[in-house]
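Open the model in your viewer and follow the stops below. Each one says what to select and what is there.

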Amino acid sequence: MPKGEILGLISSVPLESSLLFREMRRKKDISSSISTGTVGDTRVVHITSGMGIANAAWAATVLCERFSPSEAVVFGVGGAYPGCGLVAGDLVLAEKEVYADAGVLTEDGLRGIEAIGIELLRKGG
């Protein structure tokens with residue numbers, strides 16, 4: 001990226017960005033979900049959005065309004081669960097999207113997202 005431009009990064013949960021945070025230099029936490037810093041010579045802003053469409057839209061809006069990145073990348077697990085044949089660090093590009101953020105499909109049918117223990121919204125703290 002050209003010098004001075006910002007790369008915007010969004011992931012839904014902290015675990016997805018753990019490698020990024022190990023590589024990030026001059027890291028500054030602006031809030032519990034927004035961090036800035038550099039990776040190599042690139043200035044980055046990372047937002048941990050939380051799971052789901054509404055949270056992703058919030059993160060993208062904050063990223064664009066507050067930081068005006070030149071480019072943005074959304075990354076994370078993206079449904080790559082154990083047994084899918086991938087290992088940590090594999091790069092995969094989606095061929096299709098399945099909007100599963102409203103729940104999870106189990107052998108007993110569709111259950112709410114709370115069934116996997118990921119909160120959609122944290123109030124306070």
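**Whole chain first**

Select the protein chain: among its contacts (heavy atoms within 4.5 Å) between residues at least 6 apart in sequence, 53% join residues at least 24 apart. This is a predicted model, where local features need pLDDT of at least 70, side-chain atom pairs count only at pLDDT 80 or more, and totals for chains, interfaces and linings use all residues. Residues are numbered from 1 along each chain as its sequence is written, and side-chain values use heavy atoms, leaving out hydrogens and water.

Switch to cartoon. The chain has 2 helices and 7 strands, in the order β-α-β-β-β-α-β-β-β from the N terminus. Helices (H or I, at least four residues) and strands (E, at least two) are DSSP runs, numbered from the N terminus.

**The sheet**

Select the open sheet of 5 strands, ordered S2-S3-S4-S1-S5 with mixed pairing. Strands pair if DSSP finds at least two bridges between them. S2 (25–29) and S5 (71–74) stand at the edges; each has a single partner strand, so one side of each lacks a neighbour in the sheet.

Now pick S1 and S4 (residues 42–48). They run parallel, joined by 6 bridges. Leu9 has His46 in S4 as its bridge partner.

**Ser11**

Which strand holds Ser11? Select S1, residues 6–11, and Ser11 is there. Ser11 is buried, at 1% relative accessible area; buried means under 20%, with a 1.4 Å probe and protein chains only. Not counting residues up to four places away in sequence, Ser11 touches several residues, including His46, Gly50 and Phe75.

Terms used
Buried < 20%, exposed > 50% of the residue type's maximum accessible area, 1.4 Å probe, protein only.
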